[in-house]
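Subject: Structure handover

Hello,

Here is the structure for you to look through. My notes on two residues and two interfaces follow below it.

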4 protein chains.
Amino acid sequence: MVIILKAKTTQAEVIKLTTELEAKGVIVSPVIGTELMILGLVGDTSRIDPLQIEANNIVEKVMHVQEPFKKANRLFHPENTIVDVCGQKIGGKKIAIIAGPCSVESEDQITLIANEVKKLGAGFLRGGAFKPRTSPYSFQGLEHDGLELLKKARAKSGLPIVTEIMSPYDVELFAKDVDIIQVGARNMQNFDLLKELGKINKPILLKRGLSATIEELLMSAEYIMAGGNENVILCERGIRTFETYTRNTLDLSAIPAIKKLSHLPVVVDPSHATGKRFMIDPLSKAAIAVGADGLIIEVHNDPEKALCDGPQSIKPDQFGKLFKDLKAIAEAVGREM
Amino acid sequence: MVIILKAKTTQAEVIKLTTELEAKGVIVSPVIGTELMILGLVGDTSRIDPLQIEANNIVEKVMHVQEPFKKANRLFHPENTIVDVCGQKIGGKKIAIIAGPCSVESEDQITLIANEVKKLGAGFLRGGAFKPRTSPYSFQGLEHDGLELLKKARAKSGLPIVTEIMSPYDVELFAKDVDIIQVGARNMQNFDLLKELGKINKPILLKRGLSATIEELLMSAEYIMAGGNENVILCERGIRTFETYTRNTLDLSAIPAIKKLSHLPVVVDPSHATGKRFMIDPLSKAAIAVGADGLIIEVHNDPEKALCDGPQSIKPDQFGKLFKDLKAIAEAVGREM
Amino acid sequence: MVIILKAKTTQAEVIKLTTELEAKGVIVSPVIGTELMILGLVGDTSRIDPLQIEANNIVEKVMHVQEPFKKANRLFHPENTIVDVCGQKIGGKKIAIIAGPCSVESEDQITLIANEVKKLGAGFLRGGAFKPRTSPYSFQGLEHDGLELLKKARAKSGLPIVTEIMSPYDVELFAKDVDIIQVGARNMQNFDLLKELGKINKPILLKRGLSATIEELLMSAEYIMAGGNENVILCERGIRTFETYTRNTLDLSAIPAIKKLSHLPVVVDPSHATGKRFMIDPLSKAAIAVGADGLIIEVHNDPEKALCDGPQSIKPDQFGKLFKDLKAIAEAVGREM
Amino acid sequence: MVIILKAKTTQAEVIKLTTELEAKGVIVSPVIGTELMILGLVGDTSRIDPLQIEANNIVEKVMHVQEPFKKANRLFHPENTIVDVCGQKIGGKKIAIIAGPCSVESEDQITLIANEVKKLGAGFLRGGAFKPRTSPYSFQGLEHDGLELLKKARAKSGLPIVTEIMSPYDVELFAKDVDIIQVGARNMQNFDLLKELGKINKPILLKRGLSATIEELLMSAEYIMAGGNENVILCERGIRTFETYTRNTLDLSAIPAIKKLSHLPVVVDPSHATGKRFMIDPLSKAAIAVGADGLIIEVHNDPEKALCDGPQSIKPDQFGKLFKDLKAIAEAVGREM
């Protein structure tokens, strides 16, 4: 941590602050210039809150030097984390493909799609039972009934299921019934939910919030990991920018950034990022090329009748073609499908 | 609702879509040009999901014409809503001033500040008991103990208390103990929490999310109101932009926008928006000048020792001076303090 | 300047870098911890390019400590700059009001509006002769003819004229004919134009770019000032964010920020920021309350027939009422109209 | 074009507006509901300025239906444009690789790099002679001398040269000496410069502005094309968002968007987008996978000594390895290197 002091700070003030800081167990090295006074802090600065230092009247600015996350930090865990989901691995050489509809709509629908995407190469089934909708008047998902239908589709297709949790009330149930528990973008900083998920052992798919920095995403992963659950899979799904042509802006540079900063696996959701069917194909290819560990893609047998997110859903035959095309890209970057 | 069709749509396709739409109870008026086909929909379009229409292959774009919120809409409720909090009004002629520390730290601290800000003009006491912190290693608030201390400070000062809720588990408790229940920016789209808050009667202070549009803020208010609780107070607290000098960018144009679109009262939080003590004074004045119904300001007796958000807290004497200065501004825009 | 070195840097590498840096005339103080090595640089760091340091393989990050602008910096010029325009002052106690149409359209139009706004209180006349339009097919302004009409309106009304320059070719002409030369948001980093404007003596109204940080705005002012022209007036006119209800997001916190960082006067343009007529009134009041030195407002006698920006133009009678209302606000913050 | 009228508009007002619009040569079809009145406009709406309509008091909103660009529009030019640069094609099956240093620094430097990148596969040489720098105190490029050195490097390596223009004064010179004239992000809406470039025939590399929408980028291309120069190559180089880990956020979804909307070729600049050397490799691969027609990459023989942008420059050996790795990606998407 580096503390920049204001120009007219007196020596007495510097000594006072230094003493306070050293009482917290760090070593303070001052750098004193004519127009500039810097305090360099070495040692364990994790117990020092930068905002508390910044509240001091003699302090101009406090600069972080080390990342504030630990368990998620590659520095302390150099090898990649590989998450095991019912025997399948996410984060290893093999690309994980999660496919399925935005919402579970009926037994026929989810079972049909599950069987189709399984046959065409998908390794995991996605489907929303509890849906976070901007409008209270929109379809909110089949909720617990949807979860039951997902379990039936899992039984028939053999695919592990991925679905979103919205309430801490459901953690116990999801821990029992779901294979990967998804935390949606809107709940990335629902810290109460994250804490509950830290207490269980199920893999968590943590989506980046619409305006969350990469560091904040990793801090939210840290919440889950600090609680004891280290099975965290990150997901880039587009950030909010000024551009309105796409629903959000898919930030593919986040993938190499996360890979450098953290050991956790990271997947990409091109469907929610763009909101446009014709973009799924090129952006899925780009996601694999940039180094993502997997994709989560919306597939629907009849997008025009989908109860939600139809414009961004592709049909099973398009999914099948994409899956095949991705093989060459995966191979080109040393991965396999 | 206006539906733009793709250029090469056939007449048969137009008829098919028109029939489907009219089955949902709207009247469809086609506008057919050589390079352009538009369907204008009149009647109750609230049961038609634009994304479902957009999923149709012949549809280029769907455009909203009416706002998607109803209970929050000024169109259907032209007069201002005035929320009653223990006999004090928010949304009327009098500006509501909510003041207090970021966090409740001790009985002495919260009682001292409560008495100070009461004496200097504040009408409500704020103080965080449950704190949403980016880092799991930061101080998380005194939680239930903090709530008890707030109640003591209320008893001593007579000020109604405003504090943030983070979990649906706490709704019953907050409904009993708290005068205004705050929903923080990170939870603005925690729809499960909003639904629970719709079932009670206590005033809700709903903060705009960091990347929420004004429409999304109003849709979140709609969630609470649709459940039956119409005591919603909105709060502009800064949005996330590319500018890094301030913590966030306070969007004061949101105030006249909300006033035009909705009848709900709206207050401004200059402390969280800017993160900088010296900005509280000018932005509080601007907020009143632009038409806000109130302010929520962080005041701490010893900001350098504050357990959180010290850099943006002002001292009681600064608060007192600001309160006095605001009188002339309030008067200039036909309000009173 | 503070240089953070990578964890595994050897002592030999530290010495090599230190020697190189000291050869540039600064003193380097190292702070060496187990997981952290920092070099604090004191002395004149203005000749050291941070990006050049950052390119070094042993460097993790370079952090600025001092602002990179000098002539625009309040640190070296504590008192406010007051710009003199034909005897009127901008940046002093009196609020400067610049009013007029988006475009000069005809002699009648500009003369009529000039006389009206003069009568109602404006101190300066704005009007576009050269118009930066997103589309090549939109009206591009009357160009040199427009400039002649502005001069006629000045002669008749006595108001100094403010108009936008788009090409370095026109600098000489504008220096002769125009009283305040406006640099539009799109040209804020047209450095060739800025350099030319640094060579003359006319006041420059420099608008903040749509995605320019406050620091970048001040660096663009620095370009003009470094050339020798210190008559720079800054203008906040909205930044581009995700919010689409308003055309841009007016960043009023930029005003106290600029006032703290710089001694230059700063005015606010609520018309371009919002694009909406009904917002001019509240945001003008907020701008004065927050500490702006003036306003630039679009006024048109017949907005529905305006050749550009009609939706954000107010009529003379609305301008007159606003001017009166602003007096109380100005007084409340120790200014006058 | 679709015009939404306000709720209480009278029939007489509708007729008045309709008549005015029809006088401009369009056909107006009204859609009248109880709470909604829409005018659908068919015919040539290019002469109708939406903002002028929106200024009308009875108008709620005006919605575009057709893209405002024509010459750049794929609708009117379905096949891809292929730009010929000294016999090499950009926009065809072969991926164009433009490589070289940020700045031309000396004859040795530019010639050495030119020969290296040529040998390793590059088809074009980039190098800045006129540099747009945020600070007036930073190195501004070798200017005309730099241009002469580029010509020497071209003579020795045989690579066509790409360099940035900053002033309309230099258009004639660049048209004679340069093979692809680059318009930088900061000048994307320097319309005077664009107009001058529309009068010549040289290929123009037009970079997307930091906060420009895809539509605005295409409108700037339209400026050049409307003037008669249809040799426009677009360039995505990152947009400004709230994320600070990367210098900008590379918007790879812009590539399929541009390919759908326009027939112009589009290349990607991963160096400026990210500002980080380690990201060039993965993002170059992603750019080819997503469908870009080429890359523009900063290569420097000694990045630590580079006069600008060292942290984002890669060395020739890294460039050589990347070039080889890109072959498999290009092949996977039906392209060649």
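A:Ile53 sits in helix α2 of chain A, residues 50–54. Helices here are DSSP runs of H or I with at least four residues, strands are E runs of at least two, and both are numbered from the N terminus. This is a predicted model, in which local features need pLDDT of at least 70, side-chain atom pairs count only at pLDDT 80 or more, and totals for chains, interfaces and linings use all residues. Residues are numbered from 1 along each chain as its sequence is written, chains are lettered from A and ligands numbered from 1 in the order written, and side-chain values use heavy atoms, with hydrogens and water left out.

Is A:Ile53 buried or exposed? A:Ile53 counts as buried because its relative accessibility is 7%. The cut-offs are under 20% relative accessible area for buried, over 50% for exposed, and partly exposed in between (1.4 Å probe, protein chains only). Leaving aside residues up to four places away in sequence, A:Ile53 touches A:Ile3, A:Leu21, A:Ile48, A:Val59 and A:Val62. Contact means heavy atoms within 4.5 Å. A:Ile90 is 37 residues from A:Ile53 along the chain, and their C-alpha atoms are 41 Å apart.

Chain A splits into domain 1 (2–63) and domain 2 (74–333). Those bounds come from an automatic or database domain assignment. Taken over C-alpha atoms, the two domain centres in chain A are separated by 43 Å.

**Chain A: Gly87**

A:Gly87 lies in the loop between β5 (83–85) and β6 (88–90) of chain A. A:Gly87 is exposed, at 51% relative accessible area. A:Pro160 is 73 residues away from A:Gly87 along the chain, yet their C-alpha atoms are 9.7 Å apart.

**Chains B and C**

In this interface, 34 residues of chain B contact 34 residues of chain C. Together the two chains bury about 2,700 Å², with 77% of it on carbon and sulfur atoms. Buried area is the accessible area (1.4 Å probe) that two parts lose on being put together, summed over both.

Chains B and C share two salt bridges. The rule asks for a side-chain nitrogen of Lys or Arg within 4 Å of a carboxyl oxygen of Asp or Glu. B:Arg208 and C:Glu243 form a salt bridge, at 2.8 Å from N to O. On the chain B side, α8 (254–261), α10 (280–290) and α11 (316–332) each supply at least two residues. The largest share is six residues, from α10(B). By class, that side has 22 nonpolar, six polar and six charged residues. Nonpolar covers Ala, Val, Leu, Ile, Met, Phe, Trp, Tyr, Cys and Pro; charged covers Asp, Glu, Lys and Arg; the others, Gly among them, are polar.

**Chains D and C**

Here 50 residues of chain D meet 50 residues of chain C. They bury about 4,400 Å² between them, 47% of it on carbon and sulfur atoms. In chain D, the most area is lost to chain C by D:Tyr137, D:Tyr169 and D:Glu304, together 14% of what that side buries.

How many salt bridges does the rule find between chain D and chain C? It finds four. C:Glu216 forms a salt bridge with D:Arg240, and their closest N and O atoms are 2.7 Å apart. The elements giving two or more residues to the chain D side are α2 (50–54), α6 (191–198) and α7 (214–226) of chain D. The largest share, five residues, belongs to α7(D). By class, the chain D side has 19 nonpolar, 13 polar and 18 charged residues.

Best wishes
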